[in-house]
Amino acid sequence: MPLLNLGLPKMVTGGKGWVYGWLFYTVCALSLFTVEVTGQIRYSIPEEMSVGSIVGNIASDLGLEPKRLISGKARVFTAESSEYIGLDKENGHLIIKSKIDREELCGEISACSVSFNVILDNPMELYRVTVDIQDINDNSPSFPKSKIDKNISELAVPSARFPLESAIDPDVGVNTLQKYTLYPTDHFKLNVQSGASGNKHVEMILHSPLDREKEKRHQLILTAFDGGKPQRSATVQINVVVIDGNDNAPVFSQSSYTASVVENAAKGSVVTTVSATDADESSHNIQYYFEHATSTIKSLFSIDADSGEVKVIGDIDYEKHKQFTFKVKAKDHGDLTDSSEIIIDVLDVNDNIPKITLMSFSTVISEDAAPGTVIAMLNVQDLDSGDNSKVSCSNDLNSPFKIVSSLTNHYNLVTDSELDREQIAEYNITITAVDGGNPPLSSKEILKLKVSDVNDHAPQFQQESYNAFISENNPPSTTIISVKAEDMDWGQNAKISYFLIDGDLNGSPLTSYISINSETGVIYAEKSFDYEQIKSFKIKVKAQDGGSPPLSNNVTLNIFIQDQNDNAPQILYPVQTGASVVAEIVPRSPDVGYLVTKVVAVDVDSGQNAWLSYKLQKATDRALFEVGLQNGEIRTVRQVTDKDAVKQKLTVVVEDNGQPSRSAVVTINVAVADNFPEALSEFTDSTHDKEYNNDLTFYLILALAVVSLLFIVSIIAIISVKIYRWRQDKLFFKSGANLPVIPYYPPVYADGTLQQVYNYEMCGTTDSRMSDVKFVRPYSQNTLVSQSCLGTVQREKKEHDSDDLHSEQKPPNPDWRFPPNQRPGPSGAGVRPDEAGAGAGVIAGTGPWPNPPTEAEQLQALIAAANASEATATLGPRYNLQYGQDYRQNVYIPGSTATLTPNPQQQVPQQALPPPQALPPAEVPKAAQTPASKKKPTKKDKK
């Protein structure tokens, strides 16, 4: 039989240390109960263990795995409000939850224990645990008063007894009060007696007479000792005053009084009466008092000091106190006393209703739970005793549950039959507990139990089969029909999904024709149906719930395609061809009703949409022919006359009966002729004329379209050119002030050819646009260029035009002359009058400023500048014009002594410049204005 592992606190030093040690070995020596079939186990621990101390390992003692405590949600259940023992599920230990004081818990009762239940779920198990609380010597004896005063007559005879107030020790067993000592003992000695309840009563006995004249007062020390280790004690001082007379003490009529009282007795009820007598004649008034009464006794009972009646003054409860034991004292006027004991038994009354405590309860149970499944564990307690505490427990009749007793005052609520959630989804179970009192008392507890669903019902369609109709030529995603299934289950088990069972239709899977919404069951058309191809088909729809495993059901859906009038009638005869003309021949003298021909047509639609009717829409002579409404036969209405046209043209409309109706038109050529060649010639000529007229109309329309297109293109082109020129002019005038002037360099040749090659450099202005180009005056490597002479073409041209209009040319420099054969200027310029004085030694290129260039020479200069601009834009700013004309030969720079000369390869020797000579003033002729000087720059010049 294994011992439980008890966890004891560490031994403390001082008064309790050795007691803890002794209790440890005592508890270890106790034989503890093993786990029995009844599910009970017992432990023993000392009181005052610290919180968290281990009581025992219940997992190992019960043979359970530690994981079982966690998975079973093990917990401690106690019927009392206070819970002293807790459960450590991880380690399987019972631990101290709150400190236990045996004296507070059990009072004077020596056998003290705490009982509780340990409950596990999945499956439900219950174990009864009892923990015995062992007393330790943690309380010292104590006297009610710190000082006792006694008045004793000197006439007191030896062996006279004087009761003393006993000491109180809440401990029990050996730890409670054991003995008294008195010091000194010259006149008094102690006598200790044990009462029926085990309490010790102490009294002083006079063993030598007192003499007041010798000593009026005596001081004694009374000491009380318990039996614990270490031993505890208490002392009280006794003051004895010696008085004269009254040498007889009162004596009770009984040494012990026994009485009974019912609980809940009315206040003021007399329980018992005590009485005492005194032999002294002088003692007439005896007073009665409680001796060593506890606070509980004083709160429940009172004693009349004169009469000795004990009455009820408080509420007596059998469940708290089943018996009261206390002492009363009788005292005379000489302070002589006697003591007696009163024992009062409390009689139980059925005043407590049974208390139902729910230890464990599963609020939800599966509907497939087997009979006998535990739903709840109940504890029923009745604080009364005897028959009043006998309780019977029951539940509602006609319910699938019953109450089964497991242990004493423990019941299980189990299933008695199978459950069906679809019939009853929730139960309100009323549990009734009735005691055995008279009259009986009862209590009720209502449990609300929900039945969880099990997937035991398959979905059911509202119809055994469905018929759906849809018109052909439907747009895709058209709703065909909605199927609906219901499931009696609940929650996820009742969530229905809809699926199409795989199948083929005309070699294609059904899913290419229709689809279904898995949540709503709405069936859609995936494509447009054609009645002429598919008239009806069948599909199977499966409804499946969300249970595990899922349940399903199938239904057949018949889909019928409804015909629409989507096909026009087709003419089978006469056949219409574009290459030839088919004509029917009618003799010139036919009978009335002569069958000319028959129009044959069909309609691939069905029903009324295929019912055809024939009408004569247009005819050359409506009075000559008629068409059968139903059969399409064309017959003559009258005789043919000579006035009737030879060529008859009939237009027949074939119309179906649909809504809206569709029709086809056929044209029939009828020739009134007696033979076939005659009819053929008539229609051949007509055909040529028709073709000619058709070709002419086509060419007229084509010509009109081409002329209109050309006119529109011309308008757009003219507007585009206008806009472009307007933009170019705007950009050119915006930066025109910075365009360079193209200089004019006169030639020095007589044959009209250039003799030298010059280089040009072009630079763009900082604010140039697409049409803005700025030039530096052309120069070669030995050319001197004045930076101050840079300018724009527009500005210099404007200045030149202004000079031509408002001023004359400046006179030539008298210091420089050109020989007639070397004078620069326009071709064919004559010799000036002032040139007659020029000698032969005049250097070439040193003469007066040349005459203005002619219009041809200005145009030639502009072309050269334009060629330089194009070269510069393509090859860079310093592109050398190797093949351009050179206009820098013999150029005079005003205000400078330098003379521009040709390249060294072409340079002729020059003579030294003679000193200037005074020349007669010559009249400078006015420069002749050429047409170029008068003409304003045009757009081409600007470009």
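This is a predicted model: local features need pLDDT of at least 70, side-chain atom pairs count only at pLDDT 80 or more; totals for chains, interfaces and linings use all residues.
Across the whole structure, a search finds twelve aromatic pairs. One of them is the pair of F143 and Y180, which is tilted, with 6.4 Å from centre to centre and 50° between the planes. F143 belongs to the loop between β7 (125–134) and β8 (147–153), while Y180 is in strand β10 (residues 177–183), so this pair ties together parts that are 37 residues apart in sequence. Both F143 and Y180 are buried.

Next, select F162 and F188, whose rings form an edge-to-face pair at 6.1 Å centre to centre and with 75° between the planes. Because F162 sits in strand β9 (residues 161–163) and F188 in strand β11 (residues 188–194), the pair links parts that are 26 residues apart in sequence. F162 counts as buried at 5% relative accessibility, and F188 is buried with a relative accessible area of 1%.

Now switch to a cartoon view and display the open sheet of four strands, which run in the order β16-β23-β22-β19 with mixed pairing. The edges are taken by β16 (256–262) and β19 (287–291), each having a single partner strand, so one side of each has no neighbour in the sheet. On average, neighbouring strands of this sheet are turned by 30° against each other when direction is ignored. Within the sheet, β22 (residues 323–331) and β23 (residues 337–347) pair in the antiparallel sense over nine bridges, and V328 can be selected to see that it stands opposite S340 in β23.

K527 lies over the face of Y513, at 4.7 Å from the ring centre, and the charged end of K535 sits over the ring of Y531, 4.9 Å from its centre.

For the last stop, centre the view on N455, in the loop between β31 (442–452) and β32 (460–461). At 14% relative accessibility, N455 counts as buried. Its side chain makes a polar contact of 3.3 Å with the side chain of D545, and a polar atom of the N455 side chain also lies 3.0 Å from the backbone oxygen of P549. With neighbours within four places in sequence left aside, the residues in contact with N455 include D489, N493, G547 and L551.

Conventions. Residues are numbered from 1 along each chain as its sequence is written. Side-chain values use heavy atoms; hydrogens and water are left out. Helices (H or I, at least four residues) and strands (E, at least two) are DSSP runs, numbered from the N terminus. Buried means under 20% relative accessible area, exposed over 50%, partly exposed in between (1.4 Å probe, protein chains only). A polar contact is a pair of N or O atoms within 3.5 Å; within protein, one must be able to donate a hydrogen and the other to accept it, and residues adjacent in sequence count only if both atoms are side-chain atoms. Contact means heavy atoms within 4.5 Å. Two strands pair if DSSP finds at least two bridges between them. Axes are lines fitted to C-alpha atoms, for helices over the stretch in contact, and angles run from 0 to 180 degrees between N-to-C directions. Rings of Phe, Tyr and Trp (its six-membered ring) pair if their centres lie within 6.5 Å; planes under 30 degrees apart count as stacked, over 60 as edge-to-face and the rest as tilted. A charge sits over a ring if NZ of Lys or CZ of Arg is within 6 Å of the ring centre and within 35 degrees of the ring normal.
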